Amino acid sequence: MAQSGFSGVSHNIGCYFGAELCSLDVNSDGDTDFLLVGAPLFYQPKEKREGQLHVYRLTTELELRDEVKASVSSMGRFGTSIASVTDLNGDRLRDVAVGAPLEDENKGAVYIFLGDGQKGIRSTFSQAIVGDMDLEDDELPDIVIGSQGAAVVLRY
């Protein structure tokens, strides 16, 4: 059963729970449906994971109910940044990007989680975008973004 409020949150001291917050209107109807909370220093020693994302549903009684806890197998401070993004897979639900800036020897990564109408996001990521792309060999990272047959290259 879902927990009400933050009292059911399992986190360790110093996990920076709440370091990043993001509201999510998963169905784009103009009302906030979920609150996403990052805990980038949440440490799980057995799994060798650092960082966790908590997803809370905003109920009609204005309570927050714990829906999903997501993490990835990395020591990259997953959950340092969180953003609601447009519908990436055409299911009419907004998706979420979660940053892990220290992953892969500080090159960083962005994880894409597809939207879920009941739980906010799916509990496992659909795509990981790593940050080691240097198209000009100038030792500065470049970003390539593609959509519907077009691509844009962003360079420093």
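**Reading the fold and salt bridges of a predicted chain**

Modeller: Along its sequence, the protein chain runs β-β-β-β-β-β-α-β-β-β-β-β-β. This is a predicted model, in which local features need pLDDT of at least 70 and side-chain atom pairs count only at pLDDT 80 or more, while totals for chains, interfaces and linings use all residues. Residues are numbered from 1 along each chain as its sequence is written, and side-chain values use heavy atoms, with hydrogens and water left out.

Colleague: How many helices and strands does the protein chain have, and how are they defined?

Modeller: Helices (H or I, at least four residues) and strands (E, at least two) are DSSP runs, numbered from the N terminus. Here the chain has 1 helix and 12 strands. Its radius of gyration is 16 Å, close to the 15 Å that the globule rule gives for 156 residues, so the chain is as compact as a globular protein of that length. The radius is taken over C-alpha atoms, and the globule rule is 2.2 Å times the number of residues to the power 0.38.

Colleague: What box do the C-alpha atoms fill?

Modeller: Taken along the principal axes, the box is roughly 55 × 40 × 20 Å.

Colleague: What share of the residues counts as buried?

Modeller: Buried means under 20% relative accessible area, exposed over 50%, and partly exposed in between (1.4 Å probe, protein chains only). Of the 156 residues, 33% count as buried. The chain exposes about 9,300 Å², and carbon and sulfur atoms supply 50% of that area. Accessible areas come from the Shrake-Rupley method with a 1.4 Å probe; for residues, only the protein chains shown count as cover.

Colleague: How should I read contacts, and which residues does Q44 touch?

Modeller: Contact means heavy atoms within 4.5 Å. Among contacts between residues at least 6 apart in sequence, 40% join residues at least 24 apart. Q44 is placed in strand 2 and counts as buried at 16% relative accessibility. Neighbours within four places in sequence aside, Q44 is in contact with R49, Q52 and S71.

Colleague: Where does L41 lie, and how far is L41 from G30?

Modeller: L41 also belongs to strand 2, which covers residues 34-44, and L41 is partly exposed at 23%. L41 and G30 are 11 residues apart in sequence, and their C-alpha atoms are 32 Å apart in space.

Colleague: How many salt bridges are there?

Modeller: A salt bridge is a side-chain nitrogen of Lys or Arg within 4 Å of a carboxyl oxygen of Asp or Glu. By this rule the count is 4. One of them joins E67 to R57, with the closest N and O atoms 3.3 Å apart. E67 lies in strand 4 (residues 64-70) and R57 in strand 3 (residues 49-58), so this pair ties together parts that are 10 residues apart in sequence.
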